[in-house]
Amino acid sequence: MEHRLSESAENFTWLISNFVSEVPGVEHAVVVSSDGLLLTSSRDFSEQNAEQLAAIASGLQSLADGTARMFGKGDSEQLILRMKRGYLFVMSISDGSSLAVLTSGDADMKIVAYQMTLLVENAGHVLTPQLRSVLREVIAR
């Protein structure tokens, strides 16, 4: 059972890194637990920056969720922060965690948002409590 979880964790991390390498303009991605902990990040993203992005994404997601509830607008689905030289997208995953993606300034927002939606729909269900636990252990080491 432990080997299967390790393989699942590896596969999930691979999916995130593959997303970054396959979607034009995407530079980095992280998956953040509902309590703000970094679960995984794309390869070539420093641990310090990944943890900082996780904290930022968690805070933004929390503000968006609170705002949506306050004004009766349903669940928050996606945030887009436009900066001078890029974008930060934050998308909810069904279990309360989030996918955060940093892009270059020339990224096509529609393509990034669409590809994030596909990733969350196709891979979000594998982010089980057991997998989150394994990913946290790996990050904590």
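This note goes through the fold, the surface and a few residues of the chain.

1. Basis. This is a predicted model, in which local features need pLDDT of at least 70, side-chain atom pairs count only at pLDDT 80 or more, and totals for chains, interfaces and linings use all residues. Residues are numbered from 1 along each chain as its sequence is written, and side-chain values use heavy atoms, with hydrogens and water left out.

2. Fold. The chain has four helices and five strands. Helices (H or I, at least four residues) and strands (E, at least two) are DSSP runs, numbered from the N terminus. Read from the N terminus, the order is α-β-β-α-β-β-β-α-α. The radius of gyration is 14 Å, close to the 14 Å from the globule rule for 141 residues, so the chain is as compact as a globular protein of that length. That radius is taken over C-alpha atoms, and the rule is 2.2 Å times the number of residues to the power 0.38. Along the principal axes, the C-alpha atoms fill a box of roughly 40 × 35 × 30 Å.

3. Of the 141 residues, 40% count as buried. Buried means under 20% relative accessible area, exposed over 50%, and partly exposed in between (1.4 Å probe, protein chains only). Take the contacts with a separation of 6 or more: 52% of them join residues 24 or more positions apart. Contact means heavy atoms within 4.5 Å.

4. Surface and charge. The accessible surface is about 8,400 Å², and carbon and sulfur atoms hold 52% of it. Areas come from the Shrake-Rupley method with a 1.4 Å probe; for residues, only the protein chains shown count as cover. The chain carries 11 positive and 17 negative charges, with mean positions 7 Å apart. Lys and Arg count as positive, Asp and Glu as negative; His and the chain ends are not counted. Each charge is placed at NZ of Lys, CZ of Arg, CG of Asp or CD of Glu.

5. Helix 2. This helix (residues 47-70) has 24 residues and spans 34 Å from first C-alpha to last, close to the 34 Å expected at 1.5 Å a residue. The expected span is 1.5 Å times one less than the number of residues. Its buried residues include Ala50, Leu53, Ala57 and Gln61. Their cover includes strand 1, strand 2 (38-41), strand 3 (78-83), strand 4 (86-92) and strand 5 (98-104). Gly72 follows the helix with a positive phi, near 60°.

6. Val30. This residue sits in strand 1 (residues 26-32). Val30 is buried, at 0% relative accessible area. Beyond its neighbours within four places in sequence, its contacts include Ala50, Leu53 and Ala54, which are among the buried residues of helix 2. Ser98, Leu99 and Ala100 also contact Val30.

7. Asp44. The loop between strand 2 and helix 2 holds Asp44. Its phi is positive, near 70°, though the residue is not glycine. Most residues other than glycine have a negative phi. Asp44 is exposed, at 74% relative accessibility.

8. Val112. Helix 3 (residues 109-123) contains Val112, which is buried at 0% relative accessibility. Val23 is 89 residues away along the chain, yet the two C-alpha atoms are 6.9 Å apart. Outside four places in sequence, Val112 contacts residues including Phe19, Val23, Phe89 and Val101.

9. Tyr87. Strand 4 holds Tyr87, buried at 11% relative accessible area. Its C-alpha lies 5.8 Å from that of Leu102, 15 residues along the chain. Not counting residues up to four places away, Tyr87 touches Ile80, Leu81, Leu102 and Met109, among others.
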